[in-house]
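Let's take a walk through this structure together, one piece at a time.

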Amino acid sequence: MSTAQPVIRAERLTKTFGPVRALDGLDLEVAPGEVHGFLGPNGAGKSTTIRVVLGLIRASGGHVELFGGDPWRQAATLHERLAYVAGDVALWPGLTGGQCLDVLGATQGVLDETRRADLIDRFELDPTKRVRDYSKGNRQKVALIAALAADVELLVLDEPTSGLDPLMEQAFQEVVRTRREQGCSVLLSSHILGEVEALADRVSIIRRGKTVTTGTLAELRRHTRTHVHAVTVDEPAGLADAPGLTDWSSERLDGHIESRFSIDADHLDAVIGQLHHAQIHTLTVTPPSLDDLFLRTYDEEVPLHDVPGLEQPEEALR
Amino acid sequence: MRATGLRTMLGVHWRTHRSGTLVWILALIASMVGTAAAVAGLYTTPEKIHTYAAAVTTGSALVAINGRVEGIDSLGGVIQDESGFLMALLLPLLGISLVAKVTRREEEDGRLEAVLGGRVARYVPVLAGLIDASAAILVTALAFTLGITFCGVPAVRSALYAASLGGLAFVFAGLAALVAQITRHSRGVYAWSLLVLTVAYLLRGVGDVTKTWVTWLSPLGWAEKAAPFGAMRWWTLLIPLAVGGLLCAAAVLIAGRRDLGSSLVRGRPGSARASAWLRSPVGLATYIHSPAVLGWLAGALIIAGMMGALAKQFVGAVTGNPAMADAIGMSTAHPEDGFVAVTQLYIAIIAMGYAVQAVGSLRGEETAGRLEPRLSGTLSRMGWIAAHGLVIVTGLVIIVAVSSVVLAASTAWSMGTPLHLARVIGAGAAYLPAELLVGGLALALFGLWPRAFPAGWAVFAIVAFIAFLGPGLKLATWVLDLAPTTHIGNPPLGTVKALPLIVLSALAALLAATAAVGFRHRGVPRG
């Protein structure tokens, strides 16, 4: 994977809009065949990065390559090999969903007819309805079907499921997996961690126009903590000051000892041993989620009062 | 019923729409007071006024266009006549646009939902919109009164004149508010209101020409019958107040009772597939621009048909009255040519308005977020703008050609003479470079400074003002020269010289090229 030419490579990207610095030295690399999660809170610069990568806007500084070419100069040629779903899906209100699908499909190049029909079924879209009568989720479906039915090497999806219900989200994930198995690369921007967790091979997390961390999910998880909830017969010995353990709490419940704590990956084995000695009654081990990763990443970067909730944009601080 | 949230809504409207509203009011005041001042400067003696009055009351054509002004033999009467056509168009538009912006447009874009989710009663946004519009109309009317009085017209008469125009705007504000409750889209509000305005204009025209009660059927007629410079019928102001008030009440009542986002007119299902034509860049561009082409073409056809139908009376009036010919700047040697020339200028301004609006819809595609996905495919920016340019220019040619044919046909029918098709079409075609120049300017704004696009409409307004009223008001030559239409040579009455056409065409091409280069190098979308 590392020897092949990356599908997208961006290095030290900067982009300023007047006094606003939207991108501030951002790095991003998407390898062929991978689903790359692109995570960050609202206003972190995800859409700006994508627009630079697509050659819709020009970077103020840094270097960007799309399929090894310059997206600003060769936009139309390079676009033959990708399909894009914008963050805010806007369609022509007077056209039907099916007509918009075909227009978008023609924009992107070749639309696979069987896949188009299959996806319309799968997403339960009524293609004869006018776009102005569609809900937000249905408009989103039109853009998604157009992109997923296209015969391309790369899918660029900017917060693609923001209007979909959980069932449709499930369908979306299945289709993306199938496309990946067929060899398609995906850049998936999102602030919904579950979705990225379910799909992504590698993840880049950005904040305030900078890449904070990047790697495979396994790599990233190594730096995060596992949550443990254990009920034991005896009091587990020496847990409180075991290395790598934090947030410890313990109480007596119905003659058993209930312990809760979190532990880093390197010390998990030792601690489970200690629990075993105290005779395990029930044990729940929750692996680190991207939520932990997300919050932890931001924790390190910003002062405490400044930790953003996932849905809270930076504007909330002002 | 308590108007919960009325103060909040008024505050919201003020904050979000004040600049647009102020521009509207200032533009109206400038054109009204400007016209009045120019008339006052031109018709300085009773003799001059008398000559003018004698000229325009002979024959029916000018009566049909500007209205039958009672008391035309006075300074105020001349002002009312000179601004008759423009004010009949602009004041209803003021009422319509102020209301449409804050009612159906807000609902369509989903902002009304957010507002009604708060402590605002359902009917309050409409009520607030009508209060805004009424306030704007009141301010405009007061400024009209002051401005016209300042030009030397008795204050009482100025006040009645301004009030009659304010009443006209109020009727159309109420109409737009009602239509906004029963159509689904703000485009529909404009379409239906403008249709009513067209009918009102035709009824007033028919009534004035035939001197019958038909005039009383039209809101434009009510304003005219106030006769501010004649008999001064103050009581006629009650008609627009009552009708406008009823329309407003109906709108507020319906708004309080209907569901959010619902209306009487519903969309039907359509085709599940796009044709190969619609999928092509030119095909989609055609789809995007055809409503504008049809709308402006309809406007041009109404003018061409109406003017053509009145050709005989018009020509008869001119051949019998050299003073009138002089007043509207045509010679008696070619009365029919002069008549076609006047109409072709109207059509040229309409075509120019179409060009600006069509370029504006490119900007609309961008701000709506549809340009971004369009350019993220295999279509290059040059390809996109070229496809749209081709369609816009084709639409322009269609508007000019079709309305020229209709003008030629209706004139021939009215005069009972054979068609002079080539002559009429040639005159229309001669204006194309001027129309392209203004369109090119709008396109350059879109390519280079998209946010400044509204300046394109300002240019259009200035050109239209100079073209319509400049010669009549005898504005300075350098002012007249600012409008590209001045350089065409008033065909078929005057002779068209090649050089100005070439220069205008070259400038238009240069602007289009600049636009393309600018568009090629800027970020998309730019907010």
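Before we look at who touches whom, one working definition: two residues are in contact when heavy atoms of theirs lie within 4.5 Å. Keep in mind, too, that this is a predicted model.

Let's start with chain A. It has 10 helices and 13 strands, and its C-alpha trace spans about 70 × 45 × 45 Å along the principal axes. Of its 318 residues, 51% are buried. Now think about contacts within this chain between residues at least 6 apart in sequence: 68% of them join residues at least 24 apart.

Next, find a pair of helices in chain A. Two packed helices are described by the angle between their axes and the distance between the axes. Here the pair is α5 of chain A, residues 136-149, and α6 of chain A, residues 166-181; their axes come within 11 Å and cross at roughly 15°. Because of that angle, α5(A) is roughly parallel to α6(A), the cut-off for that label being under 35 degrees. As for handedness, α5(A) and α6(A) make a left-handed crossing.

Which residues bring α5(A) and α6(A) together? On the α5(A) side you'll find A:Lys141, A:Leu144 and A:Leu148, and these meet A:Met168, A:Phe172, A:Val175, A:Val176 and A:Arg179 of α6(A). Sorted by class, this contact has 6 nonpolar residues, no polar ones and 2 charged ones.

While you're still in chain A, have a look at a couple of loops with backbone angles worth checking. In the loop between β8 (202-207) and β9 (210-216) of chain A sits A:Arg208. Its phi is near 45°, which is positive even though A:Arg208 is a residue other than glycine. With a relative accessibility of 41%, A:Arg208 counts as partly exposed. Further along chain A, the loop between β11 (245-253) and β12 (256-264) holds A:Asp254. That residue isn't a glycine either, yet A:Asp254 has a positive phi of about 50°. Is A:Asp254 buried or exposed? Its relative accessible area is 75%, so A:Asp254 is exposed, given that the label applies over 50%.

Helix α8 of chain B (residues 124-150) packs against helix α9 of chain B (residues 155-182) at an angle of about 160°, and their axes are 8 Å apart. That angle is why α8(B) is roughly antiparallel to α9(B); the label takes angles over 145 degrees. The crossing of α8(B) and α9(B) is right-handed. By class, their contact is made up of 16 nonpolar residues and 7 polar residues, with no charged ones.

B:Ser97 is in helix α5 of chain B, residues 84-102. At 7% relative accessibility, B:Ser97 counts as buried, a label kept for values under 20%. Leaving aside residues up to four places away in sequence, B:Ser97 touches B:Trp24 and B:Tyr190. Then there's B:Leu294, in helix α14 of chain B, residues 281-309. With 56% relative accessibility, B:Leu294 counts as exposed. Between B:Leu294 and B:Gly364 there are 70 residues of separation in sequence and, from C-alpha to C-alpha, 18 Å in space.

Chain B also has cis peptide bonds to look for. One runs from B:Pro491 to B:Pro492, with omega near 0°, and B:Pro492 lies in the loop between α23 (477-482) and α24 (498-521) of chain B. Another joins B:Val524 and B:Pro525, where omega is about 0°. B:Pro525 belongs to the segment after α24 of chain B.

Finally, zoom out to see how the chains meet. Their contact takes 36 residues from chain B and 37 residues from chain A. Between them, chain B and chain A bury about 3100 Å², with 54% of it on carbon and sulfur atoms. Which residues of chain B lose the most area to chain A? They are B:Arg273, B:Ser376 and B:Thr378, together giving 18% of what the chain B side buries.

Definitions and conventions: Residues are numbered from 1 along each chain as its sequence is written. Chains are lettered from A and ligands numbered from 1 in the order in which they are written. This is a predicted model: local features need pLDDT of at least 70, side-chain atom pairs count only at pLDDT 80 or more; totals for chains, interfaces and linings use all residues. Side-chain values use heavy atoms; hydrogens and water are left out. Axes are lines fitted to C-alpha atoms, for helices over the stretch in contact, and angles run from 0 to 180 degrees between N-to-C directions. Helices (H or I, at least four residues) and strands (E, at least two) are DSSP runs, numbered from the N terminus. Angles under 35 degrees count as roughly parallel, over 145 as roughly antiparallel, 65 to 115 as roughly perpendicular and the rest as oblique. A crossing is left-handed if the near helix is turned anticlockwise from the far one by less than a right angle, and right-handed if clockwise. Ala, Val, Leu, Ile, Met, Phe, Trp, Tyr, Cys and Pro count as nonpolar, Asp, Glu, Lys and Arg as charged, and the others, Gly among them, as polar. Buried means under 20% relative accessible area, exposed over 50%, partly exposed in between (1.4 Å probe, protein chains only). Buried area is the accessible area (1.4 Å probe) that two parts lose on being put together, summed over both.
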